[in-house]
Amino acid sequence: MKVCKFGGTSVASAQQIKKVANIIHSDSSRKIIVVSAPGKRHSDDTKVTDLLILLAEKALIGQDAESELQQVLARYEEIAEELGLDGSMNTVIEKDLRERLSLDKEDPILFMDSLKASGEDNNAKLIAAYLQSIGMEATYVCPKEGGLLVNERPQRVQALPEGEELLAELRNRRGIIVFPGFFGYTKDGTLRTFNRGGSDITGSLLAAATGAELYENFTDVDSVFSANPNVVEQPCAIHTMTYREMRELSYAGFTVFHEEALRPAFLRSIPVCIKNTNNPSARGTMIVKERECGSQPVVGIAADDGFSTLFVDKYLMNVEIGFGRRLLQILEDEEIPFEHTPSGIDNMSVIIRDTFLTEEKEARILHRVKEDLDADDVYFRRDYSMVVLVGERMRDTTGLTARAATAIAKTGASIQMINQGSTEVSLVFGIHKKDETDVLRSLYDEFFQTAIARV
Ligand SMILES: Nc1ncnc2c1ncn2[C@@H]1O[C@H](COP(=O)(O)OP(=O)(O)O)[C@@H](O)[C@H]1O
Ligand SMILES: N[C@@H](CC(=O)OP(=O)(O)O)C(=O)O
């Protein structure tokens with residue numbers, strides 16, 4: 001039995017949903033289908049989730065949001081009509097959205113979550129209705145009834161193991177299950193969404209709970225490539241990679257698979273296959289526990305921007321017991337996670353994602369580091385990118401850092417930070433954001449251009 005997740009691009013239009021139906025039809029082991037909200041039909045299009053966010057934002061500030069509501073409804077109406085469904089689905093979706101809009105707005109985050117989740121929820125109902133209309137035995141399952149339990153606010157949303165037993169029963173139900181991605185319910189029945197791209201997580205949770213033989217993640221590319229195909233022209237395909245390699249790469253910018261989605265599949269050793277809805281016969285990328293490593297040390301190179309660095313300098317920092325802990329405590333007090341902490345004897349830098357910083361937080365951190373830790377100097381620098389080389393074989397390869405540094409030097413960019421994790425599966429370079437594209441291309445040329453993909 002397989003669990004298949006179809007991303008936003010795979011369910012963006014009636015034409016795409018017909019491809020999804022063919023894919024399900026062509027393999028009777030494809031039993032549990034997780035769907036996203038309709039995504040982009042072309043590069044200038046807007047995802048339904050983004051339309052829903054605009055709708056919720058308007059509603060939250062008490063403005064008339066009728067035109068935003070109509071935009072969302074129009075997307076579903078067009079799909080339903082082209083799929084030959086009668087108007088009853090449109091009525092169901094409109095009623096559902098109006099009900100959500102009338103929910104309590106006291107907690108804006110929960111109100112927003114409910115609106116965002118409607119994207120996948122209504123799409124799952126619509127796709128189930130379509131599959132039934134073409135003679136397939138398909139049932140929409142609500143995550144509340146299905147057992148997708150998540151923790152309470154204010155903790156970051158995560159699935160609770162208590163729901164697993166119920167989720168496991170999905171494999172015994174008759175026919176095909178159509179399950180909306182991206183959200184679950186707390187024990188008291190409150191809806192919470194995962195973070196953006198989180199339908200990948202739902203698919204992995206279901207695959208793990210039901211002990212699926214395979215988790216297929218259908219998207220709009222033939223495979224995971226060794227570098228972002230929007231930056232590097234025709235990058236090599238990766239045919240097989242380990243969970244650890246994918247985890248490092250999705251963290252570092254391979255948006256094709258959500259960084260939190262690997263853990264459930266990994267814990268139960270469920271293989272994951274990334275496949276293309278538009279070309280389902282293409283081999284795709286298998287993500288497994290172990291792989292035969294060829295001679296190529298680097299499997300992929302990812303880059304992501306949106307980082308800031310907090311620099312702290314204090315003479316004799318190295319002999320001051322607890323300095324690092326107290327510095328990180330200040331960040332914890334501000335609810336800021338950290339990414340890397342490269343350090344010298346008298347200085348320490350903390351790399352943080354910009355999304356966690358505000359002007360007020362920055363000012364409080366600077367003040368406390370100066371006053372409470374008596375630092376000699378402390379400041380923030382913005383506009384950093386992290387470029388990450390990943391590969392299981394990197395740890396056995398000598399001279400790799402030198403090759404990477406030379407490739408970066410060729411672009412004229414200066415390296416702001418180097419970090420190699422203890423597992424040596426990844427090597428991180430901090431650079432200025434303006435240099436990101438050139439550095440990524442130069443590293444790709446160095447490690448892949450002459451090599452045939454041997455992984
Ligand atoms: N290394 C990579 N390999 C493949 N795709 C990548 C990579 N890095 C970024 N992407 C992007 O990820 C996209 C697929 O992810 P996403 O847009 O979230 O799809 P979906 O709508 O199916 O969830 C691709 O179209 C591609 O532009
Ligand atoms: N629709 C949600 C969740 C999701 O996973 O979408 P997609 O499969 O299009 O990445 C989002 O846009 O974040």
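Mentor: Let us begin with a contact, keeping in mind that this is a predicted model. A pair of N or O atoms counts as a polar contact if the two lie within 3.5 Å, and here a polar side-chain atom of Lys5 lies 3.4 Å from an oxygen atom of ligand 1.

Trainee: Which residues come nearest to ligand 1, and how far from an oxygen atom of ligand 1 is the side chain of Asp220?

Mentor: Ligand 1 has 18 residues around it, and those that come nearest are Thr9, Thr219, Asp220, Phe225 and Asn230. An N or O atom in the side chain of Asp220 is 2.7 Å from an oxygen atom of ligand 1, while for Asn230 a polar side-chain atom lies 3.0 Å from an oxygen atom of this ligand. Of the 570 Å² of accessible area that ligand 1 has on its own, the protein covers 84%.

Trainee: What surrounds ligand 2, and what is the make-up of its shell by class?

Mentor: Among the residues that surround ligand 2 are Lys5, Ser36, Lys47, Thr49, Glu120, Phe182 and Arg196, and the shell has one nonpolar, seven polar and four charged residues. The side chain of Glu120 has an N or O atom 3.2 Å from a nitrogen atom of the ligand, and that of Arg196 has one 2.7 Å from an oxygen atom. On its own ligand 2 has 340 Å² of accessible area, and the protein covers 89% of this.

Trainee: How should I read a salt bridge, and how many salt bridges does the count come to?

Mentor: The general idea is a side-chain nitrogen of Lys or Arg within 4 Å of a carboxyl oxygen of Asp or Glu, and by this rule the count comes to 38. Take Arg244 and Glu392, whose closest N and O atoms are 2.8 Å apart. Arg244 lies in helix α9 (residues 243-251) and Glu392 in the loop between β15 (377-390) and α13 (400-410), so this pair ties together parts that are 148 residues apart in sequence.

Trainee: Are Arg244 and Glu392 buried or partly exposed?

Mentor: A residue counts as buried under 20% relative accessible area and as exposed over 50%, with partly exposed in between. Arg244 is therefore partly exposed at 37%, whereas Glu392 is buried at 10%. In the salt bridge between Lys314 and Glu320, where N and O are 2.8 Å apart, Lys314 is buried, at 11%, and Glu320 is partly exposed, at 22%.

Trainee: What is the overall picture of the chain, in its helices and strands and its radius of gyration?

Mentor: The protein chain has 14 helices and 17 strands, and buried residues make up 53% of its 455 residues. Its radius of gyration is 24 Å, which agrees with the value near 23 Å that a compact globule of 455 residues would have. Along its principal axes, the C-alpha trace spans about 70 × 55 × 40 Å.

Technical notes: Residues are numbered from 1 along each chain as its sequence is written. Chains are lettered from A and ligands numbered from 1 in the order in which they are written. This is a predicted model: local features need pLDDT of at least 70, side-chain atom pairs count only at pLDDT 80 or more; totals for chains, interfaces and linings use all residues. Side-chain values use heavy atoms; hydrogens and water are left out. A residue is near a molecule or strand if one of its heavy atoms lies within 4 Å of it. A polar contact is a pair of N or O atoms within 3.5 Å; within protein, one must be able to donate a hydrogen and the other to accept it, and residues adjacent in sequence count only if both atoms are side-chain atoms. Accessible areas come from the Shrake-Rupley method with a 1.4 Å probe; for residues, only the protein chains shown count as cover. Ala, Val, Leu, Ile, Met, Phe, Trp, Tyr, Cys and Pro count as nonpolar, Asp, Glu, Lys and Arg as charged, and the others, Gly among them, as polar. Helices (H or I, at least four residues) and strands (E, at least two) are DSSP runs, numbered from the N terminus. Buried means under 20% relative accessible area, exposed over 50%, partly exposed in between (1.4 Å probe, protein chains only). The radius of gyration is taken over C-alpha atoms; the globule rule is 2.2 Å times the number of residues to the power 0.38.
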